[in-house]
Amino acid sequence: MNKHVYHKLPKSYTLLLIIFLLSLLPFGGVFAQENDPNYPSDDDVNAIASQLYCPVCENVPLDVCGTQACAQWRELIREKLVEGWSEDQIKEYFSNQYGDRVLAEPPARGLNWLVYVIPPLVFLAGAIFLYRGFISWRKMGDDDDINEIHSEPENEDAYIARLEEELKNQ
Amino acid sequence: MVEDQNVTEQNLTEEKSGPKWGRIFAWGGLLALMLLVGLGLVRAQRPIVEVGSPAPEFVLTTFDDQQIDSKDLLGKVVVLNFWASWCKPCEQEAADLESAWQYYQPNGDVVFLGLAWTDTPTESAKYLDKFNISYPNGPDLGTRISQAFNRNMGVPETYIIDQDGTLHFVKIGPFISLQEITGIIDPLLP
């Protein structure tokens, strides 16, 4: 008859097992947070970060900037989203913290409003001048045609006069 | 006949170059745009505050919500240090700056102020804890203070202002040692 012999686990193994189980406890909260459907995803963060620029590295959008500083700013966006801040509130916060230059769309205050006014005005002025230029070119073209028609009889008259003179001389 | 011809020529000229109001608008707009661009270029190339000139005035709101006005600091030497938690060179001088502050604090004639430049509040707090920095620190909101000192600001940068409010010394980059800091400040003290 076979008898199974069970050996007791050494005390050190038991102690290690307990320590391992205890060490899992602090991470339970983190896993729960990330599995929360309301926890902002990277896409949620980047949707706002793409509307901001890195305050340090010029002309680099925050969502594609790879520096440590930019990573911290993206985490700041995530923190604010967790706190329930709206997109506008977060952008305003960044503007207050780091200046208007971090906004992809400058606010229409001070001289910034010129950015919104001048390009459409220049485009409109260009369109008007182009239109007027086109009209005047067409008119000049028509006038040239008329002048050409009027000049033909004169050339014919001169030719006839010359022909007659030569015939007379003969 | 001649008058008619002149009027016709005038009309033709006007049609070719556009009405008067249009030309005025176009040239006026172009001049205004050039003026704006010129002003922007001049502004961008404006020299940074030079040593020997009055230091810009500023108001710093610390992380403890304490307001510090530079005008209230006249009569004292002010050490204004710009830093960021993501700045590795800043870490090199953090301990020396704190040591210098501890050295001068008993006499009360030198003030150290730290400005977190384009940093996040969370990381700034960690940085201050990491290096046990005890002198007043606050965020450079909107980078307004740094822009007043240097349009091409980087970190770390330190501006030392004498008792009259005149910029005495500018350090671009980290201090190498405590002795370097005291070597600059000591000559200013009575």
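# Burial, strand pairing and chain contact

Me: Why is B:Asp65 called exposed?
Reply: B:Asp65 has 7 other C-beta atoms within 10 Å. A residue is exposed at 12 or fewer such atoms, buried at 20 or more and partly exposed in between, with C-beta atoms placed from the backbone; B:Asp65 is therefore exposed. This is a predicted model, in which local features need pLDDT of at least 70 and side-chain atom pairs count only at pLDDT 80 or more, whereas totals for chains, interfaces and linings use all residues. Residues are numbered from 1 along each chain as its sequence is written, while chains are lettered from A and ligands numbered from 1 in the order in which they are written.

Me: Is B:Glu93 buried or exposed, and how do you know?
Reply: B:Glu93 has 24 other C-beta atoms within 10 Å and is therefore buried. This residue is part of helix H3 (residues 88–104) of chain B.

Me: What does B:Glu93 contact, apart from its neighbours within four places in sequence?
Reply: The partners are B:Pro156, B:Pro174 and B:Phe175, contact meaning C-beta atoms, placed from the backbone, within 7 Å. B:Pro156 lies 63 residues from B:Glu93 along the chain, yet their C-alpha atoms are separated by 8.8 Å. B:Pro156 is in the loop between helix H5 (144–149) and strand E6 (157–161) of chain B.

Me: Why is the peptide bond from B:Val155 to B:Pro156 called cis?
Reply: Its omega is near 0 degrees.

Me: What makes E6(B) largely enclosed by the rest of the structure?
Reply: Of its 5 residues, 5 are buried, so the strand is largely enclosed. B:Glu157, B:Tyr159 and B:Ile161 point one way from E6(B), and B:Thr158 and B:Ile160 point the other way.

Me: How do you know that E6(B) pairs with E3(B)?
Reply: DSSP must find at least two bridges between strands for them to pair; E3(B) and E6(B) have 5, in the antiparallel sense.

Me: Why are strands E5 (137–139) and E7 (167–172) of chain B said to stand at the edges?
Reply: The open sheet has the order E5-E4-E3-E6-E7, with mixed pairing. E5 and E7 each have a single partner strand, so one side of each is left without a neighbour in the sheet. Within the sheet, E3 (residues 77–83) and E4 (residues 110–116) of chain B pair in the parallel sense over 7 bridges; B:Val78 has B:Val111 as its bridge partner in E4(B).

Me: How many residues does each chain bring to the contact between chains A and B?
Reply: Chain A brings 16 residues and chain B brings 15. Helix H4 (68–82), helix H5 (87–98) and helix H6 (113–169) of chain A each supply at least two residues of its side.

Technical notes
Two residues are in contact if their C-beta atoms, placed from the backbone, lie within 7 Å. Helices (H or I, at least four residues) and strands (E, at least two) are DSSP runs, numbered from the N terminus.
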